[in-house]
Amino acid sequence: MLLQPYHAGIIVRDISRAIDDLSTRLGYTFNAPTTIVIPKVEDRVAGSTGAVELVATYSREGPFRLEVIQGQGEGVYSARLSGLHHLGVWESDPEARLRQLEADGEQVDAVIRRADGTISAFYASAPRLGGTRIEYVNDDRRPQLEEWFATGIMPR
């Protein structure tokens, strides 16, 4: 089964400088960076669980987009991980995918949960890809995320 990435996530130290550089070098345009509050991140890199506040943006051009995330903290979003962080794919059943990967002994670096506990997305390591992860994004988020891509406004 082909899982075609729809975005690449890049961790940076300075989001404003990074989007300026990507715009100049590659011609992308970006929405203004947005502060996102994630209710629950099981950060297995840091060994912690809790709410996380990120600053991020997506390129307006698609269908393959660039996501730029301001690095922070010591876990899965650490600025120490600057560079290509993940390739994002849509996943129709993230609960089953997570169970299968864990049963297969794959390393999962973080699970992002909604306030009700369901999986919004998760990052699985891909060691043979130089540290780049695969982000499995719950397909039910697609309309919300596509609105954010198009308008720069994250719907509530």
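Guide: What follows goes from the pockets to the aromatic rings, then to the nonpolar cores and a few loop residues.

The model is predicted, so local features need pLDDT of at least 70 and side-chain atom pairs count only at pLDDT 80 or more, while totals for chains, interfaces and linings use all residues. Residues are numbered from 1 along each chain as its sequence is written, and side-chain values use heavy atoms, with hydrogens and water left out.

The largest pocket has a volume of about 550 Å³. Grid points are joined across faces, edges and corners, and the volume is the space filled by probe spheres set on the points. The lining of the largest pocket counts 27 residues, and I36, I38, S120, R141 and M154 are those nearest its centre. Two or more lining residues come from each of strand 2 (34-43), strand 3 (48-58), strand 6 (108-113), strand 7 (119-125), strand 8 (133-138) and helix 3 (142-151). Helices (H or I, at least four residues) and strands (E, at least two) are DSSP runs, numbered from the N terminus. Strand 2 gives the most to this lining, with five residues. By class, the lining of the largest pocket has 18 nonpolar, three polar and six charged residues. Here Ala, Val, Leu, Ile, Met, Phe, Trp, Tyr, Cys and Pro count as nonpolar, Asp, Glu, Lys and Arg as charged, and the others, Gly among them, as polar.

The second largest pocket has a volume of about 160 Å³. Its lining includes L3, Q4, P5, Y6, P63 and F149. Helix 3 supplies the largest share of this lining, three residues, and strand 5 (83-91) also supplies at least two. Seven residues of the lining are nonpolar, one is polar and three are charged. One of the lining residues, P63, is in the loop between strand 3 and strand 4. The peptide bond from G62 to P63 is cis, with omega near 15°.

The structure holds seven aromatic pairs. Rings of Phe, Tyr and Trp (its six-membered ring) pair if their centres lie within 6.5 Å; planes under 30 degrees apart count as stacked, over 60 as edge-to-face and the rest as tilted. Y6 and F149 form a tilted pair, 6.4 Å centre to centre with 45° between the planes. The pair links distant parts of the chain, with Y6 in the segment before strand 1 (7-12) and F149 in helix 3, 143 residues apart. Y6 and F149 are both buried (under 20% relative accessible area, with exposed over 50% and partly exposed in between, for a 1.4 Å probe and protein chains only). Y77 and Y123 are an edge-to-face pair because their ring centres are 5.9 Å apart and their planes stand at 80°. Both of these tyrosines are buried. One aromatic cluster is formed by Y6, Y58, W90, W148 and F149.

W148 also belongs to the largest nonpolar core, which has 22 residues; W148, I38, Y77, I112 and L145 have the most contacts inside it. A nonpolar core is a set of buried Ala, Val, Leu, Ile, Met, Phe, Trp, Tyr and Cys residues joined through side-chain atoms within 4.5 Å. Strand 3 gives the most to this core, with four residues. Apart from it lies another core, of eleven residues, among them I15, Y28, F30 and V68.

Two loop residues remain. G131 is in the loop between strand 7 and strand 8, and G131 counts as partly exposed because its relative accessibility is 40%. R44 is in the loop between strand 2 and strand 3, and its contacts (heavy atoms within 4.5 Å), leaving aside neighbours within four places in sequence, include E102 and V108.

Note on methods
On a 1 Å grid over the protein atoms alone, a cavity is a set of points where a 1.4 Å probe fits but cannot get out, and a pocket is an open set with protein on both sides within 12 Å along at least five of seven lines; lining residues have an atom within 4 Å of a point.
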